[in-house]
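Here is a note to read alongside the structure. Please keep the model open and find each residue as it comes up.

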Amino acid sequence: MRISPTIIALVGLTLPATALAQQWSAAQQEVWAFEKACWEARELEVNMACFHEDFMGWGTANALQQPTSKADRRATFARSLATEDIVFLQLQPVSIRVYGNTAIALYVATTTIRNKATNEEKTITERWTDVLMRDASNRWRWIADHGAPTQ
């Protein structure tokens with residue numbers, strides 16, 4: 001029986017994340033819970049609460065290839081809510097580092113998006129690096145990020 005190289009690669013990618021998850025500190029688990037909750041949030045204000053007021057990031061849907069602010073992400077997310085449904089979401093952590101009130105999370109996000117007008121679906125897999133800060137209310141917020149398709 002021949003095993004596909006793709007299957008071997010996929011298993012290789014998921015094993016380290018699974019092993020890491022079993023060894024996470026409470027702080028790392030808290031950061032990952034924040035990441036999952038923010039990605040799953042499908043209400044504008046709930047999602048925007050995930051962003052620090054001084055947020056700046058690169059994102060993946062930016063045709064101008066310039067950094068985006070919280071206001072930019074609000075506009076993009078509002079449009080997404082109006083035109084798309086998320087029908088599948090899978091997040092796979094790669095690394096989470098916590099340094100006091102700052103954290104860095106690296107992960108892979110796979111989403112299947114359905115266009116509300118055409119009912120067409122597309123699946124996108126992206127690598128993300130998020131920088132988070134714990135604010136004065138002791139809540140994690142995204143302060144910076146960078147995402148790119150894995151192709």
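**Notes on the fold and its packing**

1. At 8% relative accessibility, W32 is classed as buried, because buried means under 20% relative accessible area. Keep in mind throughout that this is a predicted model.

2. What kind of ring pair do W32 and Y107 form? The pair is edge-to-face, with 5.6 Å from centre to centre and 70 degrees between the planes. Y107 is buried too, at 3% relative accessibility. W32 belongs to helix α2 and Y107 to strand β4, so this pair ties together parts that are 75 residues apart in sequence.

3. F34 and W142 make another ring pair. Their planes stand at 75 degrees and their ring centres are 5.6 Å apart, so this pair is edge-to-face. F34 sits in helix α2 and W142 in strand β6, 108 residues apart, and the pair therefore links distant parts of the chain. F34 counts as buried at 9% relative accessibility, and W142 counts as buried at 6%.

4. The structure has seven aromatic pairs in total. Ring pairs also join W24, W32, W39, Y107 and W128 into a cluster.

5. Now the overall layout. The protein chain has four helices and six strands. Read from the N terminus, the order of elements is α-α-α-β-β-α-β-β-β-β. Of the 151 residues in the protein chain, 31% are buried. Among contacts between residues at least 6 apart in sequence, 54% join residues at least 24 apart.

6. In soluble globular proteins, nonpolar side chains tend to be buried together. Here the largest nonpolar core has 20 residues, and V31, F34, Y107, L132 and W142 are those with the most contacts inside it. At least two residues of this core come from each of α2 (26-40), β1 (51-57), β3 (84-99), β4 (102-115), β5 (121-134) and β6 (140-149).

7. Which residues does L132 touch, leaving out those up to four places away in sequence? Its partners include V31, F34 and E35. They also include N101, T102, A103 and A105.

8. C50 is found in the loop between α3 and β1. This cysteine is buried, with a relative accessible area of 2%. Setting aside neighbours within four places in sequence, C50 contacts F34, C38, R139, R141 and W142. From C-alpha to C-alpha, C50 and K70 are 9.7 Å apart in space, and they are 20 residues apart in sequence.

9. K70 leads on to helix α4, as it is one of the buried residues there, along with R73, F77 and S80. The helix covers residues 70-83, which is 14 residues, and it reaches 20 Å from its first C-alpha to its last, close to the 20 Å expected at 1.5 Å a residue.

10. Where on helix α4 do the buried residues fall? Seen down the axis of α4, they lie within an arc of 80 degrees, so they line one face of the helix. An α-helix has 3.6 residues a turn, so residues three or four places apart point the same way. On the other side of α4, A71, R79 and A82 are exposed. The buried residues of α4 are covered by elements including α3 (44-48), β1, β2 (68-69), β3 and β6.

11. Look also at the N-terminal end of α4, which is capped by S69. A side-chain oxygen of S69 lies 3.3 Å from the backbone nitrogen of A71.

12. Not counting residues up to four places away in sequence, L106 touches P93, V94, S95, W128 and T129. The C-alpha atoms of L106 and T129 are separated by 4.6 Å, although these residues are 23 apart along the chain.

13. S95, one of the residues touched by L106, lies in strand β3. S95 counts as buried at 16% relative accessibility. The side chain of S95 makes a polar contact of 3.5 Å with the side chain of R97.

How values were computed:
Residues are numbered from 1 along each chain as its sequence is written. Side-chain values use heavy atoms; hydrogens and water are left out. A nonpolar core is a set of buried Ala, Val, Leu, Ile, Met, Phe, Trp, Tyr and Cys residues joined through side-chain atoms within 4.5 Å. Buried means under 20% relative accessible area, exposed over 50%, partly exposed in between (1.4 Å probe, protein chains only). Contact means heavy atoms within 4.5 Å. Rings of Phe, Tyr and Trp (its six-membered ring) pair if their centres lie within 6.5 Å; planes under 30 degrees apart count as stacked, over 60 as edge-to-face and the rest as tilted. The expected span of a helix is 1.5 Å times one less than its number of residues. The arc is that of the directions from the helix axis to the C-beta atoms. A polar contact is a pair of N or O atoms within 3.5 Å; within protein, one must be able to donate a hydrogen and the other to accept it, and residues adjacent in sequence count only if both atoms are side-chain atoms.
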